[in-house]
Amino acid sequence: MKKISVIPGDGIGIDVTDETLKVLQVIKDSGADIGWDVFDYGAEKYLATGITLPDEELANFRDNYDAVFVGAVGDPRVPDMTHARDILLGMRFKLDLYVNYRPVKLYNEKLCPLKDRTIEDVDFVVFRENTEGMYAGTGGFLKKGTPEEVAVQTSINTRKGVERIIRYAFEYAKDHGKSQVTMSDKSNAMRYEGDLWQRAFYEVGEEYPGIEKQHWYIDALLMQMVKRPEQFDVIVSSNMFGDIATDLGGQIAGGLGLAASGNIHPGRTSLFEPVHGSAPKYHGKDIANPLAAILTAGIMLEHIGFPKGCVRIEDAVKQPIATNKVPRDLGGDLGTKASGDYIASVLSE
Ligand code: NAD
Ligand code: IPM
Ligand code: MN
């Protein structure tokens, strides 16, 4: 049996995970040999006990589970995000989940905020480097709290780290019949990391002669995602630029209510979470859209050996989008629970 550890987390993470588990139950009932355990890590636990995510638990996930599913973490009562950093970034870093896979796929043209765009125009994937860059946590304060205060935040880019995400992007393109890979950086202003990313991109790219290489500076990339999204097949970028690009990517494909993602190290226990956060204002109000989390569970199923489960979930999500049986953010009037129930019923048919 493939085992999943589930962390609903905070805010709407809890709401959307409830619906995702309904869907996973249907997939299980139809024969997929999966099971899961739910863990209560999140703001509530942190505020009550000071515990975020213990190292022993992380080792338990790594050694005894095939995947981790997280709803979302983040709570206004923990403004410095200590627990969220430990849980989310902790797993990304300590499990070395260097691939952040974020598909940008428009399921229905009526959901696209860009004028006259078809589903063929908005269909690409972003590979975000997930263990280095501005997120590495290197830096510090000097004279904190004084008028002379200095804050340093350093971007870490290792040849190994940059090369492996770039190679992953090219391999993905090769395996999926994609003809082009775009790398995005800010090498006009940030020369050191930019120089490394440029060299790694074109050197690794030489191993893939059939694949066209394209480069945009990150500011221009975002502009191009709005202007001509059809030009993209596969985008690869650093941790922070990839983070920024995928909220925009999510929006041009219908919004964060649909944006799914995987944090992957091939062959190892990996982490799956929707792109969106805990949207605390919607928590418990039966408003949040569970489809991003449900699609994320699909990506997870594919990763742990149930590709058919992924296809079934994607098909089940497309159907209510076409008929407007969706939550408010997509123009429908279903609540969170009704939306989850609807997907579960489509899958049970
Ligand atoms: P957010 O993604 O939580 O919400 C931004 C807005 O997007 C919401 O106000 C809402 O209008 C919309 N939205 C997002 N998800 C939705 C859904 N499923 N259904 C309907 N509408 C949805 O981003 P934020 O407000 O910047 O962050 C809130 C908290 O979440 C913060 O603490 C942040 O750090 C955290 N966060 C966590 C993750 C994660 O756990 N992976 C990701 C992003 C942000
Ligand atoms: C995401 C989120 C996280 C990130 C935050 C919550 C640290 O925005 O998963 O996209 O920046 O990686
Ligand atoms: Mn983000």
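1. Let's start at the surface: L142 counts as exposed, at 51% relative accessibility (exposed means over 50% relative accessible area, buried under 20% and partly exposed in between, with a 1.4 Å probe and protein chains only). Do keep in mind that this is a predicted model, where local features need pLDDT of at least 70, side-chain atom pairs count only at pLDDT 80 or more, and totals for chains, interfaces and linings use all residues. Residues are numbered from 1 along each chain as its sequence is written, chains are lettered from A and ligands numbered from 1 in the order in which they are written, and side-chain values use heavy atoms, with hydrogens and water left out.

2. L142 sits in strand 6, residues 133-142 (strands are DSSP runs of E with at least two residues, helices runs of H or I with at least four, both numbered from the N terminus). Leaving aside neighbours within four places in sequence, L142 is in contact with E148, E149 and V150 (contact means heavy atoms within 4.5 Å).

3. Together with V150 and V152, L142 forms a nonpolar surface patch with about 240 Å² of accessible area. L142 and V152 are 10 residues apart in sequence, and their C-alpha atoms are 8.4 Å apart in space.

4. Now for the rings, where the count comes to 13 aromatic pairs (rings of Phe, Tyr and Trp, the last by its six-membered ring, pair if their centres lie within 6.5 Å; planes under 30 degrees apart count as stacked, over 60 as edge-to-face and the rest as tilted). One of them joins F61 and Y65 edge-to-face, with 5.9 Å between centres and 90° between the planes. Both F61 and Y65 are buried.

5. Another pair to look at is F170 with F201: the ring centres are 5.5 Å apart and the planes at 25°, so this pair is stacked. F170 belongs to helix 5 (residues 159-175) and F201 to helix 6 (residues 191-205), so the pair ties together parts that are 31 residues apart in sequence. F170 is buried at 0% relative accessible area, and F201 is buried at 0% too.

6. Ring pairs also build a cluster, linking Y98, Y101, F127, Y168 and Y172.

7. Finally, which charged residue lies over the face of Y65? That is K3, at 4.5 Å from the ring centre (a charge sits over a ring if NZ of Lys or CZ of Arg is within 6 Å of the ring centre and within 35 degrees of the ring normal). R128 lies over the face of Y135, at 5.0 Å from the ring centre.

Methods: Patches are made of residues with over 30% relative accessible area and no salt bridge: like charges are joined within 9 Å, nonpolar side chains (Val, Leu, Ile, Met, Phe, Trp, Tyr) within 5 Å. Accessible areas come from the Shrake-Rupley method with a 1.4 Å probe; for residues, only the protein chains shown count as cover. A salt bridge is a side-chain nitrogen of Lys or Arg within 4 Å of a carboxyl oxygen of Asp or Glu.
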